[in-house]
Amino acid sequence: MKNNRLRKKTIKQRGGRRGQMDFKRMDNLVNAFHAFLAGAPYIILHLSVSCVILAFGVVLYVKSTPINELDLIRNGNLAAGISFSGALISLALPLSASLASSMTIPTILIWGSTAIIIQLFCDRLAGLLIGNIYQRISNNELSAVFALVGIKISVAMLNSAVISG
């Protein structure tokens, strides 16, 4: 009996009778769905542009290294897998910052490409700092690769902060 009174009171507080729909709530759902439909194409476009920039950066990275890390990975070289993973993360971090701070496709292209170029340049500097890095990756030397990946990700985080302002 007590639960039935509470249920009736709750229905009356919502402004309706049992079985009636709450149109205010439905309007909110319809508005949210319309907002989703309006924003989804922009999200998909921005994500697509960012993925293309990332793919371009990965291709540049693969083509600019004197060793074929992908072949080494296929042959079970752990150091090459770690190095390549670090390169992917270090390219994606500043790209994500440029995506977060850019509202238009041209600014995503400009800042994303700039982030990729800066990151590839810093990757080469890190390789020089550690010394003979590609031979060490080929020899599966993990200590050198972990140092390289640490430098790559650290620079990527700084690059991201600079881009996002």
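## Terms and model

A polar contact is a pair of N or O atoms within 3.5 Å, where within protein one must be able to donate a hydrogen and the other to accept it, and residues adjacent in sequence count only if both atoms are side-chain atoms. The model is predicted, so local features need pLDDT of at least 70 and side-chain atom pairs count only at pLDDT 80 or more, while totals for chains, interfaces and linings use all residues. Residues are numbered from 1 along each chain as its sequence is written, and side-chain values use heavy atoms, with hydrogens and water left out.

The average pLDDT (the predictor's confidence in each residue, from 0 to 100) is 85 for the protein.

## Helices H4 and H7

Helices here are DSSP runs of H or I with at least four residues, numbered from the N terminus. Helix H4 (residues 78-101) packs against helix H7 (residues 142-164) at an angle of about 5 degrees, and the two are therefore roughly parallel (an angle under 35 degrees) to each other.

Ile-82 lies in helix H4 and, with a relative accessible area of 17%, is buried (under 20%, with a 1.4 Å probe and protein chains only). The C-alpha atoms of Ile-82 and Val-145 are separated by 7.0 Å, although these residues are 63 apart along the chain.

Ser-102 is found in the loop between H4 and helix H5 (105-130), and at 4% relative accessibility Ser-102 counts as buried. The side chain of Ser-102 reaches the backbone oxygen of Ser-98 at 2.7 Å.

How values were computed:
Axes fitted to C-alpha atoms, helices over the stretch in contact; angles between N-to-C directions. Helix = DSSP H or I, 4+ residues; strand = E, 2+ residues; numbered from the N terminus. Parallel < 35°, antiparallel > 145°, perpendicular 65-115°, else oblique. Buried < 20%, exposed > 50% of the residue type's maximum accessible area, 1.4 Å probe, protein only.
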